[in-house]
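This report describes one protein structure for a reader who is new to the subject. Please keep the sequence and the model in view while reading.

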Amino acid sequence: MKILNLQDYQSKKTIGNSICVLYKMDLEKYEPILKHVARNVELTQEEKVLFTSIIKTSRVKKRQFVIQPGYPCNYRNYIVKGAFRMFHLDDNGKEQTISIGIEDWFFTDIYSHVYKKPSKFFAEALEDSIIFQMSYEDVEKLCQQSHAISQYWRMILEKSYANSRNRIVSNMGKTSEERYWEYANRYPEIINRVPQYVVASYLGMSAEFLSKIRARPIKKS
């Protein structure tokens with residue numbers, strides 16, 4: 001995929017108003033992710049064009065895998081529509097969910113993505129979905145061209161790391177019931193949307209035990 005640079009953008013912009021309108025129409029397709037970016041950094045119009053020039057749009061059917069063990073995770077995936085879970089199989093073949101994502105969330109196997117190593121995880125669509133995909137090489141090239149884009153990706157990775165550490169602490173210091181209600185209060189849309197066995201697997205409990213927790217009086221965290 002050809003990545004635009006600032007000279008490309010400026011030269012095309014001078015061709016006429018029709019080109020400017022075309023860029024505006026193109027950017028409208030990427031409004032969800034551009035809003036995500038805007039909550040973290042401010043991009044110029046040129047940088048927005050650069051950012052969206054590397055995006056590949058993919059439609060994913062329910063139960064289709066985007067990441068599979070044995071293959072490198074080539075893309076950073078942003079959910080435009082739908083829901084996904086990432087999981088791996090333990091030594092007994094039991095599924096262990098490590099993340100759940102819905103609209104406006106990213107998912108990837110970051111170790112596989114950065115180091116070009118085969119993934120150990122599955123990423124499965126829980127619904128018919130639409131995702132934006134960006135390759136590691138394309139993201140790196142843009143980061144070299146734009147400080148703001150580089151800063152955006154740094155902030156995304158930092159927040160992801162912070163959230164993963166917070167989950168570890170929560171798992172260590174809280175009961176299963178406390179973990180469930182904390183998660184339910186924080187992500188009610190996920191609780192009401194994805195299959196219960198997926199939530200149970202993510203929280204480290206059986207679906208049967210989760211049913212018992214849900215049947216008890218509601219607790220507020």
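Predicted model: local features only at pLDDT ≥ 70, side-chain atom pairs only at ≥ 80, totals over all residues.

Which residue in S7 is the bridge partner of Met 86? The partner is Ala 123.

## Overall composition

The protein chain contains eleven helices and eight strands. Of its 221 residues, 40% count as buried. Among the contacts with a separation of 6 or more, 71% are made by residues 24 or more positions apart.

The accessible surface of the protein chain is about 12,900 Å², and carbon and sulfur atoms account for 52% of that surface.

## The four-stranded sheet

Four strands form an open sheet in the order S2-S7-S4-S5, and their pairing is antiparallel. Strand S2 (65–67) and strand S5 (95–101) are the edge strands; each has a single partner strand, so one side of each has no neighbour in the sheet. From one strand to the next, the twist averages 30°.

The individual pairings can be followed across the sheet. S2 is joined by two bridges to strand S7 (residues 122–125), and within this pairing Ile 67 has Ala 123 as its bridge partner in S7. S7 and S4 are antiparallel and pair over four bridges. S4 is also joined to S5, by six bridges. Met 86 has a bridge partner in S5 as well, namely Ser 99.

S4 and S5 make up a hairpin in which five residues lie between the two strands. In its turn, Gly 93 has a positive phi of about 80°. Helix H10 (residues 196–203) lies across strand S4 (84–89) and S5, and runs at about 105° to S5.

## Phe 87 in the sheet

Phe 87 belongs to strand S4. Is this residue, Phe 87, buried or exposed? Phe 87 has a relative accessible area of 3% and is therefore buried, since the cut-off for a buried residue is under 20%.

Apart from neighbours within four places in sequence, Phe 87 is in contact with several residues, including Phe 65, Thr 97, Phe 121 and Glu 124. Thr 97 is ten residues from Phe 87 along the chain, yet the C-alpha atoms of the two are separated by 4.1 Å.

Helix H4 (residues 45–52) is mostly covered, as six of its eight residues are buried. Among them are Glu 46, Val 49, Leu 50 and Phe 51.

Elsewhere, Ile 110, Tyr 111, Val 114, Tyr 115 and Leu 157 make a nonpolar surface patch of about 480 Å². Helix H5 (residues 110–115) gives the most to this patch, with four residues. Leu 157 lies in helix H7 (residues 147–173) and is partly exposed, with a relative accessibility of 41%.

Most residues other than glycine have a negative phi. Asp 104 has a positive phi of about 75° although it is not a glycine. Asp 104 is found in the loop between S5 and strand S6 (106–107), and its relative accessible area of 25% makes it partly exposed.

Lys 116 also has a positive phi, near 60°. Lys 116 lies in the loop between H5 and S7 and is partly exposed, at 33% relative accessible area.

## Salt bridges

How many salt bridges are there? The count comes to eleven. One of them links the side chains of Glu 31 and Lys 35, with an N to O distance of 3.3 Å. These two residues are four residues apart in helix H3 (residues 31–38), so about one helical turn separates them. Glu 31 is partly exposed at 42%, and Lys 35 is partly exposed at 48%.

Glu 182 forms a salt bridge with Lys 174, and their closest N and O atoms are 2.4 Å apart. In the salt bridge between Arg 216 and Glu 177, the closest N and O atoms are 2.8 Å apart. Arg 216 is in the segment after helix H11 (207–215), while Glu 177 is in helix H8 (residues 176–186), so this pair ties together parts that are 39 residues apart in sequence. Arg 216 is partly exposed at 33%, whereas Glu 177 is buried at 15%. Finally, a network of salt bridges links Glu 103, Glu 127, Glu 189 and Arg 193.

Key. Residues numbered from 1 in each chain as written. Heavy atoms only, no water. Pairing = 2+ DSSP bridges. Axes fitted to C-alpha atoms, helices over the stretch in contact; angles between N-to-C directions. Contact = heavy atoms within 4.5 Å. Buried < 20%, exposed > 50% of the residue type's maximum accessible area, 1.4 Å probe, protein only. Areas by Shrake-Rupley, 256 points an atom, 1.4 Å probe, with all protein chains shown as cover. Patch = residues over 30% accessible without salt bridge, like charges linked within 9 Å, V, L, I, M, F, W, Y side chains within 5 Å. Salt bridge = Lys/Arg side-chain N within 4 Å of Asp/Glu carboxyl O.
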